[in-house]
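Visitor: Could you take me through this structure? I will ask as we go.
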Amino acid sequence: MDPFLKTRKFLDLLIYRICSLILVLMVLDVTWQVTSRYVLNNPASFTDEGARFLMIWLGVLGGALLFGRNGHLAVTFVTDKLNQNTQKTLNIIIYVVIAIFAMFAMIYGGYNLCIRTMLQPSPAINIPMGYVYSIIPIGGFIILIYIVLNIADILKGRSIAPQDESAGE
């Protein structure tokens with residue numbers, strides 16, 4: 001099997017499973033929040049913040065997975081009218097621009113944000129906010145990996161259309 005396809009399959013499955021775990025943790029967190037509030041009459045203070053942090057991680061990881069599977073929102077009105085070689089070139093240019101954004105805004109900027117907020121504790125859970133924000137550079141790095149994989153697909157002549165198969169298979 002092609003190492004790029006093998007890497008993509010592994011990364012898809014890993015992120016899919018992490019997102020699934022986060023979703024299970026969110027359900028447990030919110031269930032405990034409702035139970036502690038209405039059954040025990042003693043609401044747990046950490047549950048609201050925990051659900052918010054988990055949602056941030058789920059959103060960024062899910063977005064990176066969707067990007068890697070070419071399922072993201074894209075306006076293709078102009079590119080659909082171009083010939084195949086021009087489409088390939090334009091898609092590579094678009095991926096390079098996205099890679100620059102991911103490197104500077106998500107990885108570099110996210111890393112700096114993590115460093116600056118590592119001593120700032122969250123109000124309820126009391127964990128460093130840098131841990132919460134660490135998903136930004138992690139997500140940027142995952143997007144960079146997917147960009148390399150997507151460009152390899154373009155250069156090998158494989159389809160870059162949204163993938164239909166399930167990540168969890």
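Visitor: How many residues does helix H2 have, and how far does helix H2 reach from its first C-alpha to its last?
Guide: Helix H2, residues 46-68, has 23 residues and reaches 33 Å between those atoms, close to the 33 Å expected at 1.5 Å a residue. The expected span is 1.5 Å times one less than the number of residues. Helices (H or I, at least four residues) and strands (E, at least two) are DSSP runs, numbered from the N terminus. This is a predicted model, in which local features need pLDDT of at least 70 and side-chain atom pairs count only at pLDDT 80 or more, while totals for chains, interfaces and linings use all residues. Residues are numbered from 1 along each chain as its sequence is written, and side-chain values use heavy atoms, with hydrogens and water left out.

Visitor: Which residues in H2 are buried?
Guide: Among them are Thr 47, Phe 53, Leu 58, Leu 61, Leu 65 and Phe 67. Buried means under 20% relative accessible area, exposed over 50%, and partly exposed in between (1.4 Å probe, protein chains only).

Visitor: And what covers the buried residues of H2?
Guide: The cover includes H1, helix H3 (84-116), helix H4 (129-133) and helix H5 (135-155).

Visitor: What about Ile 56: which residues does Ile 56 touch?
Guide: Ile 56 lies in helix H2 and is partly exposed at 37% relative accessibility. Leaving aside residues up to four places away in sequence, Ile 56 touches Val 132 and Ile 135. Contact means heavy atoms within 4.5 Å. The C-alpha atoms of Ile 56 and Ala 74 are separated by 23 Å, with the two residues 18 apart along the chain.

Visitor: Which residue with a positive phi follows H2?
Guide: That residue is Asn 70, with a phi near 55°. Asn 70 lies in the loop between H2 and H3.

Visitor: Where is Asn 41? And is Asn 41 buried or exposed?
Guide: Asn 41 is in the loop between H1 and H2. The relative accessible area of Asn 41 is 63%, so Asn 41 is exposed. Asn 70, by contrast, counts as buried at 7% relative accessibility.

Visitor: Changing topic, how many salt bridges are there?
Guide: The count comes to 4 salt bridges, a salt bridge being a side-chain nitrogen of Lys or Arg within 4 Å of a carboxyl oxygen of Asp or Glu. One of them joins Lys 156 and Asp 2, with the closest N and O atoms 3.3 Å apart. Lys 156 lies in the segment after H5 and Asp 2 in the segment before H1, so this pair ties together parts that are 154 residues apart in sequence. Lys 156 is partly exposed, at 45% relative accessible area, whereas Asp 2 counts as buried at 16%.

Visitor: Which residue pairs with Asp 153?
Guide: Asp 153 forms a salt bridge with Arg 8, the closest N and O atoms being 2.9 Å apart. Because Asp 153 is in helix H5 and Arg 8 in helix H1, the pair ties together parts that are 145 residues apart in sequence. Both Asp 153 and Arg 8 are buried.

Visitor: And the salt bridge of Asp 48: which residue is the partner?
Guide: The partner is Arg 52, with the closest N and O atoms 2.8 Å apart. Asp 48 and Arg 52 are 4 residues apart in helix H2, which means that about one helical turn separates them.

Visitor: What does Gln 33 touch?
Guide: Gln 33, found in helix H1, touches Thr 47 and Asp 48, not counting residues up to four places away in sequence. With a relative accessible area of 15%, Gln 33 is buried.

Visitor: Last topic: how many disulfides are there?
Guide: The count comes to 0 disulfides, a disulfide being a pair of cysteine sulfur atoms within 2.5 Å. Cys 19 is in no disulfide, and the nearest cysteine sulfur, that of Cys 114, is 18 Å away.
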